[in-house]
Amino acid sequence: VSATVSARRARSRKSPLSGTDPVGSSVKWLDERLGIAKGGRVFLDKIFPDHWSFLLGEIALYSFIILVLTGIFLSLYYVPSASDVIYHGVYKPLQGVKMSAAYASSVDLSFAVRGGLVIRQMHHWAADVFIGSIAVHMSRIFFTGAYRKPRELNWIIGVTLLMLAIINGFLGYSLPDDLVSGTGIRLAFSFILSIPVIGSYLAVFLFGGNFPGSGIIIPRFFIIHVLLLPLAILGLISVHLGLLVRQKHTQFPGHGRTEQNVVGTPMYPTFILKTTGFLFMIAGVLWALGGLVQVNPIWQYGPYQPYKISYAVQPDWYMGWLDGALRIMPSWEFTGFGHTIPFEVFLPTILFPGLTFTLFWVWPFVAAKISGDRAEHHLLDRPRDRPIHTAVGALGLAFYFTLFAASSTDVLANFFHVSLNAVLWFFRLAVIVIPIIVGLTTWRICLEMSGVHGIGKRKRALVMSRSPEGGYTTVETAPRPGDQPEELPPEPVPTYIKIEDELEAESVGAGDSSGVRRVPRR
Amino acid sequence: VTEQITTEEGTITAAQATATEAGVPVSAFDDPHLRPFARNPRRTELVIGLFLFVGLLGFAAYGGVYFVGGQTRLEGVFAGVGLFAFGFGLSAWGKYLLPQGPFVEDRHHLSSTDEERDSMTAAVVDRAKLTFRRRGFLGGLLGAGAGVMGIVLAFPLIRSLGPNQPGKTFETTNWKAGLRLVDVTGRPIHSSDLEVGGALTVFPEGFVGSSIDMSMLVRPEPAYKNIVTMPGRETWGPRGYVAYSKMCTHAGCPVGLYQELTQTLLCPCHQSVFNVMDGAVPEFGPAPRPLPQLPLMIDSAGWIRAQAGYDQPVGPGFWERS
């Protein structure tokens, strides 16, 4: 075998550049019309930095995809109507019970549609995971300072997405019209009613009358839940990702990483394989949850009747912070001048979430104002390196977690056999005290950590020696394997990604039986 | 057995020669960035293959379960395990078998030069000036027209929602003097129906299930006692009966739990506690007002009737409530 033989072989193989193979010709066709090749190539080479915490946003994105797909399935069977029906479906215990068509169809799509219960529970789990992962993703962005210039816009979009996700979660939770979710709608009516001046008009307009209204609320919630908000969320996600591509990813400081570059793995093929696999893994977890872990068993709650109620009425977890705030709020109703302002409802359920999201929205600008830092940042902070910032974040998290815990005052009182009164007063104090303690502790821990030399790195032995003059010197021993970063210095994505042993296998050819394979060096 | 070929670039293998002819630069061969992350790619391929195969089996099993009629837990297990294994295989493929990198790309400055920015600003301002120069009345008409259009277009969106005005809907109920109390099935309540310590959800006759009318009829005392919860309500609680609105004054939940031992009504939503014997003044919790009390009477045949409607709006607070 000579070099000329190999060269002939190389020529006889179809070159991908020739434009005669299917991929080449499609690229050519598209490029002649849209000019995709140049930018497309850059896009294939787009670098995605690797860090586990960057998966959090992907969890949110993929659970949204699952939500859309399972939601389409559910919408084929769900009947968005509050009109009364007498149930004659497959679920025996409810036979002959008067209920809304919405509830009847929700029960039937769980039991009469093959695979329906799994999909319905998967949809519910995906919603829980969607909102949870947004919240955790947002915490990551906060603690690493990724919201700083130039990414303030994407932070604002992200906060808006969290808000829309929570609202849409509540609407979807309300659609089955079971006893628990119907109570939730009743509460939502009271929340709207509590708004000064316009509250009663708004509530009556939305519900078509005093609660429960004309029955129009179920179709209205339905169209908002399946069309308006999903469209808004989809649009905002697109802009969120578009900005991310335009501004490129942030990255943690490290080997060869600067403010001027992005180090990681290329979009195609590495990242696309990894992330598609991740999509499947999330789908798998959600599907297993949908099949194995019962969630929102509406057939046990029964249909909604305004006069019925059950013990331990709680909303889905993401509304817990609002329910907790509502529970521990003192009864400060204002009456005077011929009017009533029910602050005990208006404050915790309308004003408080409004202020919360306003604070989230303006936070990047507030933080820039306080710190005076208006520079561009593409390298992320380690939270411990910014003790005050991290302490503020921990304080906020502790505040919302305490409110969340306060949404189960009755369950806690029963579980620990203490009086409800004591639990309530505990939370009224805890919501102030716990965040302060958590904030101070975090601040102190950050300070302690930043004072320790070489934290987070493997320690090396120190060799101490005494010189003939009597002075002492310490010298670090040579690094052991693992002490130093094993990563190679980063390089641009090469034009040709060909792994050595593949080339060799190709050159051996189909008819060549020598089949020598070199084990890659490592 | 690898052949060595001498070129001007040095000694290369036949494989490299093939690739070089195809346009691959020689430098690409020794680049450690292009080696897979796995120490032993052969074995890694096997493991990944195993995961993908498990995925395949899981999908097939899901299809089988679905085909024979479906079973919630098995569907979850098979589809879940299948998807997870399949996805794990794909991710591992990307992580362990493809070039390990790390690769780098430059971050280009997003912002433009000062000149470009100035020219943009100038274009916006100058062209606006050009458009509106000495045409103030056109500009005024544009603004006024757009404003009126905006307001008018909001009418069908908002005003059409509310053919119903709130009016007195929050201040009145269907309770009227002389109406009999009926239970959830519509059966009238007789004064002998409840034992001492009993409680029942009641409605005015003809309005069963109505949210605004729902009331709690409680019998804390035996028949020889009239219950006076407050001064001025001397006749409201005949023969040991007393009734309150069931709609919580906090957020409108049904105050459904009657606790005989403490003579309290408890709202399960946010745990407001109302004392039955005391005019349902909130003892505890976030409720701001007592539950309105329904004045009762018992007619000669023993039916329990309302003396009158509620003397105040029921349920949670709102702006127009005085």
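This is a predicted model: local features need pLDDT of at least 70, side-chain atom pairs count only at pLDDT 80 or more; totals for chains, interfaces and linings use all residues.
Residues are numbered from 1 along each chain as its sequence is written, chains are lettered from A and ligands numbered from 1 in the order in which they are written, and side-chain values use heavy atoms, with hydrogens and water left out.

**Exercise 1.** Find which residues of H5(A) are buried.

Solution. Helices (H or I, at least four residues) and strands (E, at least two) are DSSP runs, numbered from the N terminus, and buried means under 20% relative accessible area, exposed over 50%, and partly exposed in between (1.4 Å probe, protein chains only). The buried residues are A:Ala101, A:Ala102, A:Tyr103, A:Ala104, A:Ser105, A:Ser106, A:Val107, A:Leu109 and A:Ser110. Because nine of the eleven residues of helix H5 (residues 101-111) of chain A are buried, this helix is largely enclosed by the rest of the structure. The elements that cover them include helix H4 (55-75), strand E2 (84-86) and helix H10 (217-247) of chain A.

**Exercise 2.** Describe how H8 and H9 of chain A meet.

Solution. The axes of helix H8 (residues 179-193) and helix H9 (residues 199-207) come within 7 Å and cross at roughly 145°; such axes are lines fitted to C-alpha atoms, for helices over the stretch in contact, with angles from 0 to 180 degrees between N-to-C directions. On the H8(A) side the residues are A:Ile185, A:Phe189, A:Ile192 and A:Leu193, which meet residues of H9(A) including A:Leu202 and A:Phe207.

**Exercise 3.** Examine the salt bridge of A:Asp50 with A:Lys274.

Solution. A salt bridge is a side-chain nitrogen of Lys or Arg within 4 Å of a carboxyl oxygen of Asp or Glu, and here the closest N and O atoms are 3.4 Å apart. A:Asp50 lies in the loop between strand E1 (47-48) and H4 of chain A, and A:Lys274 in helix H11 (residues 267-292) of chain A, so the pair ties together parts that are 224 residues apart in sequence. A:Asp50 is partly exposed at 43%, whereas A:Lys274 is buried at 18%.

Conventions
Contact means heavy atoms within 4.5 Å.
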